[in-house]
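Here is a short tour of one protein model, written to be read with the coordinates open. Load the structure and follow along from the overall fold to two local spots.

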Amino acid sequence: MMSDAAARGAAVRREVLGPERADRPPEPFAVPFREWVLDAAWGQVWDRPGLDRRTRSCVTLAVLTALRCTDELEMHVEAALRNGVTPDEIAEVLLHTTVYAGAPAGNAAFAIASRVLSAQEGRPE
């Protein structure tokens, strides 16, 4: 049985990431991790009123870029677009982060964001 925070988190995750990502069942091995993420990240943090989702998406893009979490970055570029962050704003977040995280991190982030934006626009990379 899900906690209240995890139930809220599941709803927020679905809204932010979209049903095509959020509704994929985790591998059985990862179920405890998914439950923790739904409760802690999505239910207790993303659902807080202190920042809007656009701002949370921008912060998330910056942190994922700085930490070179390239697997997660693609998903969160898509989420940022869903949360109303424009492609120009995404580029500004990535450029600003590059100053502090370094050119290799920024280079990887721009490459990932470019692929996502191209796919969203239906054009080849």
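## Fold

The protein has 7 helices and 0 strands, and this is a predicted model. Read along the sequence, the pattern is α-α-α-α-α-α-α.

## Overall dimensions and packing

How does the radius of gyration sit against that of a compact globule? For 125 residues such a globule would come out near 14 Å, and the protein has 15 Å, so the two agree. Along its principal axes, the C-alpha trace spans about 45 × 30 × 25 Å.

Buried residues make up 36% of the 125 residues. Among contacts with a separation of 6 or more, 65% are between residues 24 or more positions apart. The accessible surface comes to about 7,600 Å², and carbon and sulfur atoms hold 58% of that.

## A buried arginine

Now zoom in on Arg-13, which you will find in helix H1 (residues 4–17). Arg-13 is buried yet has no salt bridge. The nearest side chain of opposite charge is Asp-23, 6.5 Å away, and a salt bridge needs the charged atoms within 4 Å.

What does Arg-13 touch, not counting residues up to four places away in sequence? Its contacts are Gly-18, Arg-21, Ala-22, Arg-34, Leu-38 and Trp-42.

Val-59 belongs to helix H4 (residues 53–66).

Technical notes. Residues are numbered from 1 along each chain as its sequence is written. This is a predicted model: local features need pLDDT of at least 70, side-chain atom pairs count only at pLDDT 80 or more; totals for chains, interfaces and linings use all residues. Side-chain values use heavy atoms; hydrogens and water are left out. Helices (H or I, at least four residues) and strands (E, at least two) are DSSP runs, numbered from the N terminus. Buried means under 20% relative accessible area, exposed over 50%, partly exposed in between (1.4 Å probe, protein chains only). Lys and Arg count as positive and Asp and Glu as negative; His and the chain ends are not counted. Contact means heavy atoms within 4.5 Å. The radius of gyration is taken over C-alpha atoms; the globule rule is 2.2 Å times the number of residues to the power 0.38. Accessible areas come from the Shrake-Rupley method with a 1.4 Å probe; for residues, only the protein chains shown count as cover.
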